Amino acid sequence: MRVDGACHCGAITVAGEADPQSTTICHCTDCQTGTGSAFRVSVPVAGATFQMTGQPTTYLKTTADSGNRRLQAFCPTCGSPIYSTSPGDGVRPSYVVRVGILRQRDRLVPKRQIWCRSALPWVGELAAVPNSERATVQPGESRSEKERTP
Ligand SMILES: [Zn+2]
Ligand SMILES: [Zn+2]
């Protein structure tokens with residue numbers, strides 16, 4: 001699937017050929033910290049097809065949870081995570097792009113979850129949390145409440 005997107009401030013844009021069947025949720029503690037959120041959703045993009053404008057800042061953690069050395073790239077201006085890849089010079093074989101920066105994110109449905117041993121205990125129960133189509137949950141506006149009301 002052809003994908004494209006940009007960081008929150010637009011300084012960095014990416015495009016390439018992604019493998020939607022490999023869309024993955026990672027619950028490892030590195031991804032929780034690196035996203036500032038509960039988990040990370042990523043999709044690999046073949047290195048030969050990967051295009052980028054702008055210059056991300058990169059960070060190499062010496063010991064990742066997985067034991068692999070992964071180079072993390074993010075926007076130096078707005079902090080959006082862009083991708084991770086294997087350390088080294090030149091075009092890398094694959095760039096694991098962060099789904100939240102891609103315009104096609106609604107079509108990149110996760111096919112597997114990894115590092116579930118550190119998953120936050122509530123991630124499987126989000127549908128039960130009062131929710132709103134916009135910023136504030138008003139009384140009676142929660143979609144889950146509506147579903148309970150015939
Ligand atoms: Zn940015
Ligand atoms: Zn992870």
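**The metal site and what lies beyond it**

Tutor: Let's begin with Cys 31, which counts as buried because its relative accessibility is 11%, and the cut-off for buried is under 20%. Keep in mind that this is a predicted model. Cys 26 comes out buried as well, with a relative accessible area of 11%. For Cys 28 the figure is 6%, so that residue is buried too. What do these cysteines do in the model? Through their SG atoms, Cys 26, Cys 28 and Cys 31 coordinate the zinc ion (ligand 2), at 2.1 to 2.2 Å. Along the chain, the donors of that zinc ion follow the spacing C-x1-C-x2-C. One caution on reading the site: water is not among the atoms, so a metal site may look incomplete.

Cys 116 has 43% relative accessibility, so it counts as partly exposed.

Now let's step away from the zinc ion and look at the rings. The structure holds three aromatic pairs. One of them joins Phe 50 and Tyr 83 edge-to-face, with 5.5 Å centre to centre and 80° between the planes. Phe 50 lies in the loop between strand E4 (40-46) and strand E5 (51-53), while Tyr 83 is in strand E8 (residues 81-85), so this pair ties together parts that are 33 residues apart in sequence. Both Phe 50 and Tyr 83 are buried. Tyr 83 also pairs with Tyr 95, again edge-to-face, at 5.0 Å centre to centre and 90° between the planes. Since Tyr 83 belongs to strand E8 and Tyr 95 to strand E9 (residues 94-98), the contact ties together parts that are twelve residues apart in sequence. Put together, Phe 50, Tyr 83 and Tyr 95 form one aromatic cluster. As for the tyrosines, Tyr 83 counts as buried because its relative accessibility is 7%, and Tyr 95 is buried because its value is 9%.

Strands E8 and E9 bring us to the sheet. Seven strands make up an open sheet, ordered E6-E7-E8-E9-E4-E3-E10, with mixed pairing. Strand E6 (57-60) and strand E10 (112-114) stand at the edges with a single partner strand each, so one side of each has no neighbour in the sheet. From one strand to the next, the twist averages 30°. Leu 71 has Thr 85 of E8 as its bridge partner.

Finally, the whole chain. Its secondary structure comes to two helices and ten strands, and read along the sequence the pattern is β-β-β-α-β-β-β-β-β-β-β-α. Buried residues account for 31% of the 150 residues. Of the contacts between residues at least 6 apart in sequence, 56% join residues at least 24 apart.

Terms used
Residues numbered from 1 in each chain as written. Chains lettered and ligands numbered in written order. Predicted model: local features only at pLDDT ≥ 70, side-chain atom pairs only at ≥ 80, totals over all residues. Heavy atoms only, no water. Donors = N, O, S within 2.8 Å, 3.2 Å for Na, K, Ca; no water. Buried < 20%, exposed > 50% of the residue type's maximum accessible area, 1.4 Å probe, protein only. Phe/Tyr/Trp six-rings, centres within 6.5 Å; stacked < 30°, edge-to-face > 60°. Helix = DSSP H or I, 4+ residues; strand = E, 2+ residues; numbered from the N terminus. Pairing = 2+ DSSP bridges. Axes fitted to C-alpha atoms, helices over the stretch in contact; angles between N-to-C directions. Contact = heavy atoms within 4.5 Å.
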